[in-house]
Amino acid sequence: SLLHCTGKQIGSVLHKNPKLKLTFNVTPEQFLDPTFLRRLLIVIGKAGLPVSNLVVEITERQELADLGQAAKIVTKYRRMGIRVAIDDVGTGHNGLSAVQKLNANIMKLDKLFIDGIAYDERARQMVSRHVGT
């Protein structure tokens, strides 16, 4: 797998530089797959990757079918020291409250979403009215 090959190549770099992170995307379907975490741990072990340098990034462009289960899985990852990021927040299928319930370490806001606020007068007015309320 790509993670296994990459891990073998940069594992020693990550061990020497704890601030560096290896981030990789997974689909919501992969993330919810009960066998995915076990397979991931096998790959991590074979590649010798430090879990504290890993970030599993779930894309928001597809719907998370079971938010409750996803939140439990996020908790498992976090307990092991693996960070979880939600990618493309603002353009995806789950609302902000759902994304917050996942308790991920990182929420990555989509650039087009942010640019839309900066350049669209109506969006900018809506945000400015609701900031701080």
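Let's start with serine 52, which counts as partly exposed because its relative accessibility is 41%; partly exposed covers what falls between buried, under 20% relative accessible area, and exposed, over 50%, using a 1.4 Å probe and protein chains only.

Before I go on, this is a predicted model, so local features need pLDDT of at least 70 and side-chain atom pairs count only at pLDDT 80 or more, while totals for chains, interfaces and linings use all residues. Residues are numbered from 1 along each chain as its sequence is written, and side-chain values use heavy atoms, with hydrogens and water left out.

Back to serine 52: you'll find it in the loop between α3 and β2. Helices (H or I, at least four residues) and strands (E, at least two) are DSSP runs, numbered from the N terminus. What does serine 52 contact, leaving aside its neighbours within four places in sequence? Lys21, Gly81 and Arg83, where contact means heavy atoms within 4.5 Å. The C-alpha atoms of serine 52 and lysine 21 are 8.1 Å apart, though 31 residues separate the two along the chain.

Now the strands. β1 and β2 run parallel, joined by five bridges; strands pair if DSSP finds at least two bridges between them. Leucine 22 sits opposite leucine 54 in β2, and valine 26 has isoleucine 58 in β2 as its bridge partner. β1, residues 22–26, has a covered face of Leu22, Phe24 and Val26, while Thr23 and Asn25 make up the uncovered one. And β2? Both of its faces are covered, with Leu54, Val56 and Ile58 buried on one side and Val55, Glu57 and Thr59 buried on the other.

Leucine 64 is buried, at a relative accessible area of 4%.

Last, the helices. α3, residues 36–47, packs with α4 at about 20 degrees, their axes 12 Å apart. Axes are lines fitted to C-alpha atoms, for helices over the stretch in contact, and angles run from 0 to 180 degrees between N-to-C directions. So α3 and α4 are roughly parallel, a term for angles under 35 degrees. Who meets whom? On α3, Phe36, Leu37, Leu40 and Leu41 meet Lys76, Tyr77 and Met80 on α4.

Definitions and conventions:
Parallel < 35°, antiparallel > 145°, perpendicular 65-115°, else oblique.
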